[in-house]
Amino acid sequence: MNQEVNIVWRKCVEVLKDNLTPTVFNTWFAALEAQDFHDNTLVLRVKSQFVAQYIEENYIDLLSRVIRRFFGSDTQLEYRVLVDSTSGTAATYPSESTAMPAVLPVHTYTNNKVTNWDTQLNENYTFANFVAGETNKLARTAAVAIAKEPGKTVFNPLFIYGGSGVGKTHLANAIGNQIARMMNTQRVLYVSANTFKLQFQDAHNQNKIPEFLLFYQGVDVLIIDDIQFFAGLKGTQDTFFHIFNYLHQMRKQLILTSDRSPLQLHDVEERLLTRFKWGLSVEIKRPDRELRRNILIDKMRRDGIELSDEIIDYITDNACQNVRDIEGILASLMAYATLMESEITMDLAKQVVSRLVPVYSKEIAIEDIVGAVCEHTNIPEKSIKSRTREKSVVQARQMIVYLSKELTDRSYLDISAKVGKRSHATLIYAYNTIKEQMTYDKVLRHDIQLLEYELKK
């Protein structure tokens, strides 16, 4: 039996190799062994519980599809971790992850309490492990208020936007998890925009649009992630428009996330964009240095890992784009330490960080940015501080503000001193202007990217 299982498992391994980078495959999958297959359950032997957990959190969708392809569509997965190598004792952990279905969730009610309702929420995303800082403070404050009184605050809808990996999905799920835990009569549903689209297409193809509408109109708290993927989907947008109107009128809570603000969404109907602005649109910005350090320390504490202050500072200074960079670096360090049975040194940290994120060799000063922009635009530095409103000078000034906020941790007050003591509101407007223009102006986007590259060298 074991020989037959190994033959089938080797087929799975070949597919996994083709779909993963060599580094990922060798780190997480190369040591997996198929130990048994019984009662439609495949038992995989792993080196540690950490490896099993990491695969569950990051690669379970791919692994599940491959296993079910070769072992059968009803196959379940278990991990067997060797706890004591001397005695041979082991612990078994069932896989807890399941692929999100395109079909609508099943639900029943008992004594007015929701039972068997699949919220589709990620239970790991809570307020308790969402690290707060200046760049997400307003969003978190609004989220906590909604979780206490869903549908009853002025934050309806709550439209959270920001770049990839800044915590939008985490915060949206935290709201849902808090409501589901504290108010068991509330029907909370988290769904990605892509899944909503697939559900709508299934309902349309099966002539079940009325049932589709009826289901969504029965939700009390609707969370839709990555709403920007509704762009260009007229049928999906029309249907969501009616769902939105009904839920809002009935004072049900809507929470939407996007990688850009409503003003920057393209190919989305104006009537929807108008409704997105009814409540609160709030941006989660890229984490500043203090928040990045706090996030790293928090994750270290939760994962039971210790790093020296030198390593913490090195990761903090280089993993500056988003939270996922921090998570990826920490997970890789843990993997190397576990698999290689060695301690985490500064050399190992530098090696891992250099593979995952760009390593900045110097701290960038606002003066460097002013000089680089003036040289690139051929505008004298004295003109930047002047009161002139000449278009080319205004744009150069705005570029300096944008790059200063993106590449340094300096405040608007510090930046103001370098651009002629402009007001706080003027600087915010300058930053947002460049950010928006970059979404459609290829020349400006190229100039900004070139300047960033030169400044980081």
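These legends describe close-up views of one predicted protein model.

Because this is a predicted model, local features need pLDDT of at least 70 and side-chain atom pairs count only at pLDDT 80 or more, while totals for chains, interfaces and linings use all residues. Residues are numbered from 1 along each chain as its sequence is written, and side-chain values use heavy atoms, with hydrogens and water left out.

**View 1. The whole protein.** The protein holds 20 helices and eleven strands. Helices (H or I, at least four residues) and strands (E, at least two) are DSSP runs, numbered from the N terminus. Of its 457 residues, 47% are buried. Buried means under 20% relative accessible area with a 1.4 Å probe, counting protein chains only. Take contacts between residues at least 6 apart in sequence: 71% of them join residues at least 24 apart. A contact means heavy atoms within 4.5 Å.

**View 2. The five-strand sheet.** This open sheet has the strand order β8-β9-β10-β7-β11, with parallel pairing. Its edge strands, β8 and β11 (280-283), each pair on one side only. From one strand to the next, the twist averages 15 degrees. Two strands pair if DSSP finds at least two bridges between them. β7 and β10 pair in the parallel sense over four bridges. Y161 stands opposite S258 in β10.

**View 3. Helices against the sheet.** Helix α7 (residues 193-205) lies across β8 and β9. α7 runs at about 95 degrees to β8. Such angles run from 0 to 180 degrees between N-to-C directions, and the axes are lines fitted to C-alpha atoms, for helices over the stretch in contact.

**View 4. Helix α6.** Residues 168-182 form this helix of 15 residues. From first C-alpha to last, α6 reaches 22 Å, close to the 21 Å expected at 1.5 Å a residue. The expected span is 1.5 Å times one less than the number of residues. Buried residues of α6 include H170, L171, I175 and I179. What covers the buried residues includes α5 (137-148), β7 (158-161), β8 (188-192), β9 (221-225) and β10 (253-258).

**View 5. Helix α15 and its end.** Why does a span of 16 Å agree for α15 (residues 366-377)? Its twelve residues should span 16 Å at 1.5 Å a residue, and its end C-alpha atoms are 16 Å apart. I366, I369, V370, A372, V373 and C374 are the buried residues of α15. Their cover includes α16 (381-385), α17 (391-407), α18 (412-418) and α20 (442-456). Just after α15, N378 takes a positive phi of about 60 degrees.

Note on methods. Buried < 20%, exposed > 50% of the residue type's maximum accessible area, 1.4 Å probe, protein only.
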